[in-house]
Amino acid sequence: MLFIIILIGVLFVVLGTAKLKLHPFLALLISAFFVGIASGMPLLTVVESINTGFGGLMTSIGLVIIAGTIIGLILEKSGAAYRMAEVVLRIVGPKRPQLAMSLIGYIVSIPVFCDSGFIILSSLQKSLAKRANVTIASMAVALATGLFATHVLVPPTPGPIAAAGNIGAADYLGTVIVIGLLVAIPATFVGYLWSVKVATKIRVPEDEVEALDYEEVIKSFGKMPSTFKAFLPIVLPIVLIGLGSIAALVGDTESTFNTIFKFLGSPTVALFLGVAAAFLLLPEVNETTLTGWIGESLKEAAPILLITGAGGSFGTVIKNAGVGEMLQEMDLGMFASGTLFLLVPFIVAAALKTAQGSSTTALVITSTLVAPMLVTLGIDGAVPLALVVMAIGAGAMTVSHVNDSFFWVITQYSGMEVTQAYKAQTVATLLQGLVTIIITMILWWIFV
């Protein structure tokens, strides 16, 4: 009966967001109340579980999400994202334009939302398509799939951070970042292959129109920051988190040296030092940048924080309703190795992503649902939990279609028709998800 109640709660979230267009925050909160009350929990315990779940998740990752959003918006508005793109283009060369766009997407989407990343780089990919005499569709798919890979797999993007927090991996963000960067490589590569093998055959009306020259596009953006300043807000937090993770494992963990590195490598401190580095990119230090830009980033972070917190409430209610005891009574022997278990979060996240469109929502809800199973199966530690996040991310890729805002950004800015975008982008995200879950299972088999 408890399983049926939880299933009804999940279905309400999916149908409420997909059909009724209810905001995921309200859908999750309503489901949390429903599961708590219908399962027979004391009414005051339901309220306490919802408050505890929301506050507990905000305590561990709330400030990290805010800092990551601030960094992303400053990179976007200051021209740093363009600078990073220009550096990658110089390294890769004009003869491999789709590969350049895939790599640009891979890097830019670590802090910048994939929708925003595609929009700000749209004119660049069109001018490069003309310069290299390739179709705009192939460049659009290469950029979109590169952006998508790191968007669902690599913190400080909010989705992977929320998933890590929900399954108890907030202290292992360094491991999640490293494994996410590795797993995102084959996901990006399969998107690149699809762009050159399939999307390159798709032509849009804009292919026949003269686009701005690449040099003119760069000049039109104005003075851009230096390469060092552009990359610093991304590289600094990742390096600090990595050093903090190493300090926690080696040497005298109580020494002053280790304590300092663990402090600097804590996700909250590392990301806010990244924010400090991003301030170097501000064209002017005035009310527009210090108040306007930061205020805009906080507005972007607000719905993510609410959805993530509501997901934490939903998860806490499920846990307190007795799902752990229910799972212990079930025969989970087929998942004992863990490798097969990775298919569970993948399938659940893929179903949620396909049904309601948002990758972030799919990551939050799926991680909430599978967290009790991890305890029952004894899945714990940095690498196993990081790979569970990868499995959830793989599902959250599968698939991007008409109920996904990113799908419409791609069609509108590339000129592809819906049928063309299904062939080019939707199938590419299906392949990305399948490749990602296969790579994740292989890594589990090797390291766990």
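Residues are numbered from 1 along each chain as its sequence is written, and side-chain values use heavy atoms, with hydrogens and water left out. Because the model is predicted, local features need pLDDT of at least 70 and side-chain atom pairs count only at pLDDT 80 or more, whereas totals for chains, interfaces and linings use all residues.

The chain holds 20 helices and zero strands, where helices (H or I, at least four residues) and strands (E, at least two) are DSSP runs numbered from the N terminus. Its radius of gyration is 22 Å, close to the 22 Å that the globule rule gives for 448 residues, so the chain is as compact as a globular protein of that length; the radius is taken over C-alpha atoms, and the rule is 2.2 Å times the number of residues to the power 0.38. Along its principal axes the C-alpha trace spans about 65 × 55 × 45 Å. Of the 448 residues, 58% are buried, with buried meaning under 20% relative accessible area, exposed over 50%, and partly exposed in between (1.4 Å probe, protein chains only). Among the contacts (heavy atoms within 4.5 Å) with a separation of 6 or more, 82% join residues 24 or more positions apart.

The largest nonpolar core has 139 residues, and F118, L121 and V388 touch the most other members. Such a core is a set of buried Ala, Val, Leu, Ile, Met, Phe, Trp, Tyr and Cys residues joined through side-chain atoms within 4.5 Å. Helix α3 (residues 43-78) contributes the largest share of this core, 14 residues. Leaving aside residues up to four places away in sequence, V388 touches I167, F341, L342, L374, I379 and W444.

Helix α12 (residues 227-247) deserves a separate look. Its 21 residues reach 29 Å from first to last C-alpha, close to the 30 Å expected at 1.5 Å a residue, the expected span being 1.5 Å times one less than the number of residues. Even so, α12 has a kink of about 45 degrees centred on P233, the bend at a residue being the angle between axes fitted to the seven residues ending there and the seven starting there. P233 is itself buried, as are other residues of α12 including L232, I234, P237 and G244. The cover over the buried residues of this helix includes α3, α4 (80-92), α5 (97-108), α10 (173-197), α13 (256-265) and α14 (267-279).

Another buried position is G146, at 0% relative accessibility, in helix α8 (residues 136-153). G146 touches S102, G105, Y106 and T188, again not counting residues up to four places away in sequence.

The loops hold the remaining details. The peptide bond from P155 to P156 is cis, with omega near 15 degrees, and P156 lies in the loop between α8 and α9 (158-166). A cis bond also joins T398 and V399, with omega about 0 degrees, and V399 sits in the loop between α18 (382-397) and α19 (405-414). K21, which is not a glycine, has a positive phi near 60 degrees; this residue is in the loop between α1 (2-18) and α2 (24-38) and is exposed, with a relative accessible area of 63%.
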